[in-house]
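Open the model in your viewer and keep the sequence beside it.

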Amino acid sequence: MKLSTRSLAQTALLLAVCILSQFFKNLSVYVTGPIVNTTIIIAVLAAGLWSGLFIGIIAPITAFFISGSPIMAAIPLMFPAVMAGNAILAVCTWLPTRYPARPSRNRLPFSGRLAAGMIAGSVLKAAFMGIVIVLILLPAFGGDIASKLPKPEALPGVLAAAKVTFSVTQLITSLTGSLLAYIIWTPLKKFLKTET
């Protein structure tokens, strides 16, 4: 895998956007989440799969250090689960770019395959995180969160919110990020070609 200076610069810029957005996490996850997912997708399309995977791996770590999370602190296994969810989105976005369109009436154009890949990636990411985090990790280790909370009696509410955050919210923010990335990528790819 050959890494060009341009790809490294694009990855660094997108990572900076991703990290900057995480400072607004307390404002709303529906602002930060789509931006993080958008940067992962644009990184894959502009700089390659490795770039999207890199941002997807770094994002949960920087988010934790920026805004903290008692749930993530109590259940460190959630970090690789979130990273794997981001990787699923990146790979599903990358796959359509690997197989150029062949002349056939039955094949979708690239834009259609890309949209399908991003939608599939969003659904699979949310499903994976829902299964691993909501159905396995939270029931197994959820009791450990109480010691990290200022009010341990708030544990049932925190767990209920976490179940929504790591399933339904992930789906919404991934789909929103995919839509934003699709809209941004249409003019951006023409610009990047002219800059090549």
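Colour the chain by secondary structure. It has eight helices and zero strands. Helices here are DSSP runs of H or I with at least four residues, strands are runs of E with at least two, and both are numbered from the N terminus. This is a predicted model: local features need pLDDT of at least 70, side-chain atom pairs count only at pLDDT 80 or more, and totals for chains, interfaces and linings use all residues. Residues are numbered from 1 along each chain as its sequence is written, and side-chain values use heavy atoms, with hydrogens and water left out.

Now show the surface. Of the 196 residues, 41% count as buried. Buried means under 20% relative accessible area, exposed over 50%, and partly exposed in between (1.4 Å probe, protein chains only).

Next, select Phe24. Look for the loop between α1 (5-22) and α2 (29-47). Is Phe24 buried or partly exposed? Phe24 counts as partly exposed because its relative accessibility is 44%.

Finally, find the largest pocket. Select Lys25, Val29, Thr165, Phe166 and Gln170, which lie nearest its centre among 30 lining residues. A pocket is an open set of points on a 1 Å grid over the protein atoms alone, where a 1.4 Å probe fits, with protein on both sides within 12 Å along at least five of seven lines; lining residues have an atom within 4 Å of a point. By class, the lining has 15 nonpolar, 13 polar and two charged residues.

Terms used. Nonpolar A, V, L, I, M, F, W, Y, C, P; charged D, E, K, R; others polar.
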